[in-house]
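Subject: Structure for you to look at

Hello,

Here is the structure I promised to pass on. Please open it next to this note, and my findings follow below.

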Amino acid sequence: MKALTYTESGRFELNEKPMPEVNDPKDAVVRVTLSSICSSDLHIAVPQAETGITVGHEMVGIVEAVGSEVSKVKPGDRVTVNVETFCGECFYCKRGFVNNCTSGGWKLGCCIDGGQAEYVRVPFADNGLTPIPENVSDEQALFVGDILSTGYWAAKISEISKDDTVLIIGAGPTGLCTLECVRLYTPAKIVICETDEARREFVCKHYADVTVVEPSECRKVLNGLTEERGADRVIEVAGTEDTFRMAWECARPNAIVTIVALYEKAQTLPLPDMYGKNLTFKTGGVDACDCDRIMELIAQGKIATTSLITHRYPLGLIMDAYQLFENREDGVIKVAICTD
């Protein structure tokens, strides 16, 4: 089968690989019909990443085979694949913190073969696969297991009320999925801050109820909306030193600041400058344990992310798709890779 392989830092090759097989009673093998590229694929050189693995952790497909202990899905089922591999039985899994599973974490496309391929083996399949309802397309379901789970988790832990003004910093794919999930809570006002003009235009086109600002005007606009207080809830998705500082500066006293972003280096809280703001920070990796609920919301028409798919490529041209996505060409938001 064809598979995009991580060969060394910053280098990938589309190679032929053996088809995966069920190796454990809890495994499933999925025929990938659609996958996508994540920014973490571009920068996969994390300590646990292994050369030679197939990359990719955003995918949907059709179950081909299951192990003897798999009960949630069966061959022929359409499914989306969770970014997190988790056992469901350890201390952390039982408390819903599946990102910290002692047998899992980010495995697919990092330490075991992922889904930018024709087939993928999914460990702990009853936890890692979510059936797709008949009224939901592959494209509608594509982001359930990763960036939609991230956005849903971020909105959930931010404790959003209907009177709140919510600031989202960053309008990339994860920021837009976060926006979709914040809107579920119907806060009084949503402001999204983004440096890139094309992305600001994208938000204006698809989300008329959202106030869109660039960084230089963010605090001024927030002050005008909140009688000079600042945002009640801030969700930081962009991941730069400037946006980290913006997050707490734009928050009102006693606000919640949720950090979704990954940073290239350590960030520092200048506590003397923040004295008296009494902020609550919530941070950490996504715990993607709400995929079934997210799928229900998509089926009910309450979450819609197909507009994020701005470009489509066959698997044979995936290297072209990587170039487009990495260089942010042609207004790209997300790329769908078709395997069929």
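A search of the whole structure turns up 19 salt bridges. A salt bridge here is a side-chain nitrogen of Lys or Arg within 4 Å of a carboxyl oxygen of Asp or Glu.

Before the details, some ground rules. This is a predicted model, where local features need pLDDT of at least 70 and side-chain atom pairs count only at pLDDT 80 or more, while totals for chains, interfaces and linings use all residues. Residues are numbered from 1 along each chain as its sequence is written, and side-chain values use heavy atoms, with hydrogens and water left out.

Side chains of opposite charge can pair when their charged atoms come close. Start with E139 and R312. They form a salt bridge, with 2.8 Å between the closest N and O atoms. This pair links distant parts of the chain: E139 sits in helix α4 (residues 138-141) and R312 in strand β16 (residues 309-314), 173 residues apart. Helices (H or I, at least four residues) and strands (E, at least two) are DSSP runs, numbered from the N terminus. E139 is partly exposed, at 22% relative accessible area. The classes are: buried under 20% relative accessible area, exposed over 50%, partly exposed in between (1.4 Å probe, protein chains only).

Next, E159 and K282. Their side chains meet in a salt bridge of 2.5 Å, N to O. Again, distant parts of the chain are linked: E159 is in the loop between α5 (147-157) and β10 (165-169), K282 is in strand β15 (residues 280-283), and 123 residues separate them. E159 is partly exposed, at 47%.

D77 pairs with K74 in a salt bridge, and their closest N and O atoms are 3.0 Å apart. D77 counts as buried because its relative accessible area is 17%. R245, E249 and D273 are joined in a network of salt bridges.

Strands

Two strands pair if DSSP finds at least two bridges between them. Strand β5 (residues 78-81) pairs with strand β4 (residues 58-66), antiparallel, over three bridges. β5 also pairs with strand β9 (residues 129-131), antiparallel, over three bridges. Look at V79 in β5: G61 stands opposite V79, and V79 stands opposite P131 in β9.

β10 and β11 pair in the parallel sense, over five bridges. Here I169 stands opposite C193 in β11. Strand β11 (residues 189-193) is mostly covered, with four of its five residues buried.

Surface patches

Patches are made of residues with over 30% relative accessible area and no salt bridge; like charges are joined within 9 Å, nonpolar side chains (Val, Leu, Ile, Met, Phe, Trp, Tyr) within 5 Å. Accessible areas come from the Shrake-Rupley method with a 1.4 Å probe; for residues, only the protein chains shown count as cover.

E197, E201, E214 and E217 gather in a patch of negative charge on the surface. Lys and Arg count as positive, Asp and Glu as negative; His and the chain ends are not counted. A charge is placed at NZ of Lys, CZ of Arg, CG of Asp or CD of Glu. E217 lies in the loop between β12 (211-213) and α8 (218-225). E217 is partly exposed, at 31% relative accessibility.

F91, Y92 and F97 form a nonpolar surface patch, with about 300 Å² of accessible area together. F91 lies in helix α2 (residues 91-94).

Best wishes
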